[in-house]
Amino acid sequence: MISQILFVVGAASAVIAFGFMLGLSQNISINNELAKQAAYNYDSNLKFDEIIISDNKTAALAISNKGILLFKTVGNRIAVRIINKDNIIKHGNSILFLLNDIGFPDFKTQFDINNIEDFFDITTTKGMQNA
Amino acid sequence: MLDYVPLNLPSPVVWATPFFGFLVIAEMLYAKFGKTKAANYEAKDSFASLMMGVGNQIVGFVTASIFFAISVTAYQHRIFDIGTNPIIFVACFFLEDLSFYWFHRISHESRYFWASHIIHHSSQYYNLSTALRQTWTGTLSGGFIFWLPLAFLGFHPAMIGFFSGLSLVYQFWIHTETIDKMPKWFEAIFNTPSHHRVHHAVNPQYLDANYGGVLIIWDRLFGTFVPECKEDKPKYGVVTNIATFNPFRIAFHEWFGIFKDITSAKPKHIFGYLFGPPGWSHDGSRKTSKIIKAENKKA
């Protein structure tokens, strides 16, 4: 049985190595259009105007009609979550996202300092308006 | 108690495993060099899918004895002594496929079973490697109960296991975008790549459709058949897509979600979070597929 499992693991690894050799692995960069499409697939009622994109273009934030949206690239696809300010920890221009969701692991990324300051101003103002 | 006489039948999955590998490589080559570039591959995603398949086999080796022991017990208390003649084999094929239909349908309609089955739908890609993205918790969470009535009816457990394996092997080739449509007569009777693309899609009008294993006739019979529409290209994955290729996170993320919900819920809401449809919430803050479909119809 162990040799059978090792054979299957070896064969699976060979198949994947072949996939990488063929260049079948890529990361996309988030842009406004891709974010809108991903958000629509997540919930067709979501509405938002602008997004701010992380420096390495693998994450983005937006303020929607249903709360803060977090976008993250997964290969050449995008995953979306509605989060709240408690999920965001700010360290200067570096942001740590803590979602407590094993399907969406915690991660850290950097945003342009001006964009992220503006973003937090907006979320705070919106929070005050809602209070 | 009736006797249990072992019945030696081959394991279709074991026999087919080398072909799975060759066909995934062939589809990767087609994805890279083919004219249409129809098969959409991401190597990291395929790695996750294959590791889920390997894990499924390892866990299956350990838990198969549980399924087999319970099936044999049911068979020993069988209602009819129907034997193992060719007509019984044919009947077993149809009834196994019907059992699969209901198992599959409930796996989409109840979050408890969905927690195991979501693994198979967790990729946003649709290619042959997606077929191998299988659950690690299916047997342990009791998915086999849907096949127990067959053993009680008198179908030999080895025969049920054989057709169940055969169904799994059949369903491998339908996880592809490289085949558009099969001949009309084939599309009418059998599950095909086109029918199964609809099943894996998250487009609102495609949700909760095409649960059949080998045959699509059950969906036509029970009203869950939806044809693929050229104007509406399927988008794959789940409504709340995961952001990881880690096999352990993939295997347990929905169970973790259930745990979080029921530990923070009022006692009267626990049943809903555990056995209600995926997306159910006590305050209506989330959406079930029925709600998504209804909203889409209104729009």
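Visitor: How many residues of helix α4 of chain B are buried?
Guide: This is a predicted model, so everything here is computed from it. Helix α4 of chain B spans residues 111-121 and is mostly covered. Buried means under 20% relative accessible area. Among the residues of α4(B) that are buried are B:Arg111, B:Trp114 and B:His117. The count for the helix is 11 of its 11 residues.

Visitor: What covers the buried residues of α4(B)?
Guide: The cover includes several other helices of chain B. Two of them are α2 (43-76) and α3. The list also includes α5 (128-131), α9 (193-200), α11 (247-264) and α12 (267-275).

Visitor: Is B:Val90 buried or partly exposed?
Guide: B:Val90 lies in helix α3 of chain B. Its relative accessibility is 48%, so B:Val90 counts as partly exposed.

Visitor: And on chain A, what is the relative accessible area of A:Asp121?
Guide: A:Asp121 forms a negative surface patch together with A:Asp55, A:Asp112 and A:Asp118. A:Asp121 is found in helix α3 of chain A, residues 113-130. Patches take residues with over 30% relative accessible area. A:Asp121 is partly exposed, and its value is 48%.

Methods:
Residues numbered from 1 in each chain as written. Chains lettered and ligands numbered in written order. Predicted model: local features only at pLDDT ≥ 70, side-chain atom pairs only at ≥ 80, totals over all residues. Heavy atoms only, no water. Patch = residues over 30% accessible without salt bridge, like charges linked within 9 Å, V, L, I, M, F, W, Y side chains within 5 Å. Areas by Shrake-Rupley, 256 points an atom, 1.4 Å probe, with all protein chains shown as cover. Salt bridge = Lys/Arg side-chain N within 4 Å of Asp/Glu carboxyl O. Lys, Arg positive; Asp, Glu negative; His and termini not counted. Charge placed at Lys NZ, Arg CZ, Asp CG, Glu CD. Helix = DSSP H or I, 4+ residues; strand = E, 2+ residues; numbered from the N terminus. Buried < 20%, exposed > 50% of the residue type's maximum accessible area, 1.4 Å probe, protein only. Contact = heavy atoms within 4.5 Å.
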